[in-house]
Amino acid sequence: PILNKNDLTEFLNKKLTAEISVEESDRDKLLVSIRDDIVRYYDSETYRSILLHKNYRNEFEIYCEEGEHYLYGIIDKLIIEKDRLTIVDYKTDNITPQQLASRTGDYLPQLKFYAYILSKLYKEYNRFDLRLIFLKQVDQAAVKEISRDELKSFGKELTFSIRNIHSNKFEPNLNHCSKCHFALERNQCIKSFS
């Protein structure tokens, strides 16, 4: 990793200039935010503990057949150990320590989905660790172990959700509107449901 702040700043500046068309002042703020997140992560105990694992895959694409459909996902980092698979997912949410538990609950279904696919692909594993790393609160990583039995139950929920999607049955979670970046003023959903 690039740990020198000047080299990192130059690298990020080139990437942002090539990929994002924004005002220079906004790009500078974004650059500083990204750089600070990276430096914080590389200086963390969380990063040092992840470095200890030698058998891993980054940006690991997974997919499997589920009935008439295919399930697909990209895992930020999959750590493979002899007795377990650990799914690591990085989040850039700007959260406080007090928001950590709530936001973790929002993202756990995503990681369960990944674990469910892995459970179908790697039948020899019965232990799956779900690990969320919020870059703004990097040393307060949320870790949850999930069993194959819990994943079977999750699979039933998933099948139910897929059926509803294909039947155009959508029940909005209006309690989430206050956290959703698509909500309008006064936390109103932008989609109308009838």
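This is a predicted model: local features need pLDDT of at least 70, side-chain atom pairs count only at pLDDT 80 or more; totals for chains, interfaces and linings use all residues.
**Entry 1: Lys136**

Residues are numbered from 1 along each chain as its sequence is written, and side-chain values use heavy atoms, without hydrogens and water.

I placed Lys136 in the loop between E4 and E5. Helices (H or I, at least four residues) and strands (E, at least two) are DSSP runs, numbered from the N terminus.

Which side chains make a polar contact with the side chain of Lys136? I found Asp37 at 2.8 Å and Ser33 at 3.5 Å. A polar contact is a pair of N or O atoms within 3.5 Å; within protein, one must be able to donate a hydrogen and the other to accept it, and residues adjacent in sequence count only if both atoms are side-chain atoms. Lys136 and Asp37 are 99 residues apart in sequence, yet 6.6 Å apart in space, C-alpha to C-alpha.

I also listed what Lys136 touches (heavy atoms within 4.5 Å). Leaving out residues up to four places away in sequence, the list includes Arg40, Thr92 and Asp93.

**Entry 2: Asp93**

I found Asp93 in the loop between strand E3 (85-91) and helix H4 (100-121). Asp93 is buried, with a relative accessible area of 14%. The side chain of Asp93 makes a polar contact with that of Arg103 at 2.7 Å.

**Entry 3: The sheet**

I traced an open sheet of 5 strands in the order E1-E2-E3-E4-E5, with mixed pairing. Two strands pair if DSSP finds at least two bridges between them. E1 and E5 stand at the edges with a single partner strand each, so one side of each has no neighbour in the sheet. E3 and E4 pair in the parallel sense over 7 bridges, and Val88 stands opposite Arg131 in E4. H4 packs on the sheet and touches E1, E2, E3, E4 and E5.

**Entry 4: The cores**

I then examined the largest nonpolar core, which has 31 residues. Such a core is a set of buried Ala, Val, Leu, Ile, Met, Phe, Trp, Tyr and Cys residues joined through side-chain atoms within 4.5 Å. Leu71, Ile75, Leu78, Ile87, Leu118 and Phe128 touch the most other members.

Which element gives the largest share of this core? I found that H4 does, with 10 residues.

I noted a second, separate core of 8 residues, among them Tyr41, Tyr47, Ile79 and Val88.

**Entry 5: Aromatic pairs**

I recorded 8 aromatic pairs in the whole structure. Rings of Phe, Tyr and Trp (its six-membered ring) pair if their centres lie within 6.5 Å; planes under 30 degrees apart count as stacked, over 60 as edge-to-face and the rest as tilted. The rings of Tyr41 and Tyr47 have centres 5.1 Å apart and planes at 65 degrees, so the pair is edge-to-face. Tyr41 counts as buried at 9% relative accessibility, and Tyr47 does at 14%. Tyr116 and Phe154 form an edge-to-face pair, 6.4 Å centre to centre with 65 degrees between the planes. Tyr116 lies in helix H4 and Phe154 in helix H5, so this pair ties together parts 38 residues apart in sequence.

Conventions: Buried means under 20% relative accessible area, exposed over 50%, partly exposed in between (1.4 Å probe, protein chains only). Axes are lines fitted to C-alpha atoms, for helices over the stretch in contact, and angles run from 0 to 180 degrees between N-to-C directions.
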